[in-house]
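Thank you all for making the time this morning.

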Amino acid sequence: MSRVYNFSAGPAVLPEEVLREAAAEMLDYKGTGMSVMEMSHRSGAFEDILNTAEQDLRDLMEIPENYKVLFLQGGAHLQFSMIPMNLMKNRVADYIVTGQWAKRAYEEAAIFGKANKIADSSDKTFSYIPDCSDLTISPEADYVYICENNTIYGTKFHTLPNTKGKLLVSDVSSCFLSEPVDVRKYGLIYGGVQKNIGPAGMVIVIIREDLITKDTLPGTPTYMKYKIHADHGSLYNTPNSYCIYMCGKVFQWLKAMGGLSVMKQRNEEKAAILYDYLDQSRLFRGTVRKEDRSLMNVPFVTGDKEKDEKFVQAAKAAGLVNLKGHRSVGGMRASIYNAMPKAGVEALVEFMRKYEEENR
């Protein structure tokens, strides 16, 4: 069977070149006679994999020296707790709720202290980003939290909120490495890798060194302390070694492609193909306010649930898979991450155009 165009929101499409390279090394990684899956995380071979992956990520994002890079398990969800446990010194934090994952993070933070919802776009099914240029920031807040790209709803912060001097914490899971980022604007930036970087099972945390302290909330488990992982170089316990290996290969692929500025240009071109079609279509329509559209996740609907389902099935039969929208909103969603080729988006639009002509 030939490979399909996979529009899944995560786990998601990976670069074919990376998959082929990993397949070639599956039984014997660089003459070690074993797979990376079988390798000791304390071995010299894996130490090279880990160090190279971190340096390549630092190069891609131009991460300053005073930021630590942590490869952790538990996915982005564990960070919903780990962030307040480590950063909520005053037991107060401000949250901008623009989707389900920001909402979950906000609810989790409320377990540990006072979580203030200072902006919210749920009134219109999270289809826009609120104006965050002059929000009422809590004087005691330890940080302001956002989910920068909303996978389910297809919105993106194209301008970071004005935190009025407060620390900015951002979940970038579904836009990680899709464009250049000024890491210095954040105190902590993190993302699950399964959407735009690698296989499921890991989160990358980039945190400013002065925020890594012993001063965590009382009762914080040892494993939930950033300091323990920073002090051990992401090797406090057995890491997700194969995931780190795969992410490292994607970092090298991104470098070979020309880096994040090139990826942003490619992503803008791909997104424009799909959005331009949706804007003139009589059958399909996008669900997000134009100025807040994501380059990574494009939700759309026909306005009829039965028609949506028929389209998803027809597309699947044509080799365009995982277009069903999130169960909480329905409709369709095309996730067009870095590894989705332009040809995949063109094939989707061509199919949609033909489908529309046949189903007016």
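What follows is a short tour of the chain, its cores, its strands and helices, and a few backbone details.

Please keep in mind that this is a predicted model, in which local features need pLDDT of at least 70 and side-chain atom pairs count only at pLDDT 80 or more, while totals for chains, interfaces and linings use all residues. Residues are numbered from 1 along each chain as its sequence is written, and side-chain values use heavy atoms, with hydrogens and water left out.

Let me begin with the chain as a whole. Its secondary structure comes to nine helices and 14 strands, where helices (H or I, at least four residues) and strands (E, at least two) are DSSP runs numbered from the N terminus. The radius of gyration is 21 Å, close to the 21 Å that the globule rule gives for 360 residues, so the chain is as compact as a globular protein of that length; the radius is taken over C-alpha atoms, and the rule is 2.2 Å times the number of residues to the power 0.38. Along the principal axes, the C-alpha atoms fill a box of roughly 65 × 60 × 30 Å. Of the 360 residues, 56% count as buried, and by buried I mean under 20% relative accessible area, with exposed being over 50% and partly exposed in between (1.4 Å probe, protein chains only).

Now to the interior. In soluble globular proteins, nonpolar side chains tend to be buried together. I use nonpolar core for a set of buried Ala, Val, Leu, Ile, Met, Phe, Trp, Tyr and Cys residues joined through side-chain atoms within 4.5 Å. The largest such core has 85 residues, and those touching the most other members are Ile-204, Ile-206, Phe-251, Phe-284 and Phe-311. Helix 6 (residues 241-257) gives this core its largest share, 10 residues. There is also a second, separate core of 38 residues, which includes Leu-87, Trp-101, Phe-126 and Met-224. Coming back to Phe-251, and leaving aside neighbours within four places in sequence, its contacts include Ala-53, Leu-57, Leu-60, Phe-71 and Ile-204, where contact means heavy atoms within 4.5 Å.

That brings us to helix 2 (residues 44-61), which has 18 residues and reaches 26 Å from its first C-alpha to its last, close to the 26 Å expected, the expected span being 1.5 Å times one less than the number of residues. Among its buried residues are Phe-46, Ala-53, Asp-56, Leu-57 and Arg-58, and what covers the buried residues of this helix includes strand 2 (67-72), strand 10 (203-208), helix 6 and helix 7 (260-280).

Two strands pair, in the sense used here, if DSSP finds at least two bridges between them. Strand 2 and strand 10 pair in the antiparallel sense over six bridges, with Arg-208 in strand 10 as the bridge partner of Tyr-67. Strand 9 (residues 188-192) also runs antiparallel to strand 10, and five bridges join the two; here Leu-188 stands opposite Ile-207.

Elsewhere, an open sheet of three strands has the order 11-12-14 with antiparallel pairing, and its edge strands, strand 11 (285-286) and strand 14 (332-335), each pair on one side only.

How many disulfides are there? The count comes to zero, a disulfide being a pair of cysteine sulfur atoms within 2.5 Å. For Cys-132, the closest cysteine sulfur is 13 Å away, in Cys-147, too far for a bond, and for Cys-147 it is 7.8 Å away, in Cys-175, again too far. Cys-132 is buried at a relative accessible area of 7%, and Cys-147 is buried at 2%.

Finally, the backbone. Most residues other than glycine have a negative phi, and most peptide bonds are trans. The peptide bond from Gly-10 to Pro-11 is cis, with omega near -5 degrees, and Pro-11 lies in the loop between strand 1 (5-6) and helix 1 (16-24). Lys-30, which is not a glycine, has a positive phi of about 50 degrees, and at 66% relative accessibility Lys-30 counts as exposed. Arg-91 has a phi near 65 degrees and is partly exposed, with a relative accessible area of 39%.
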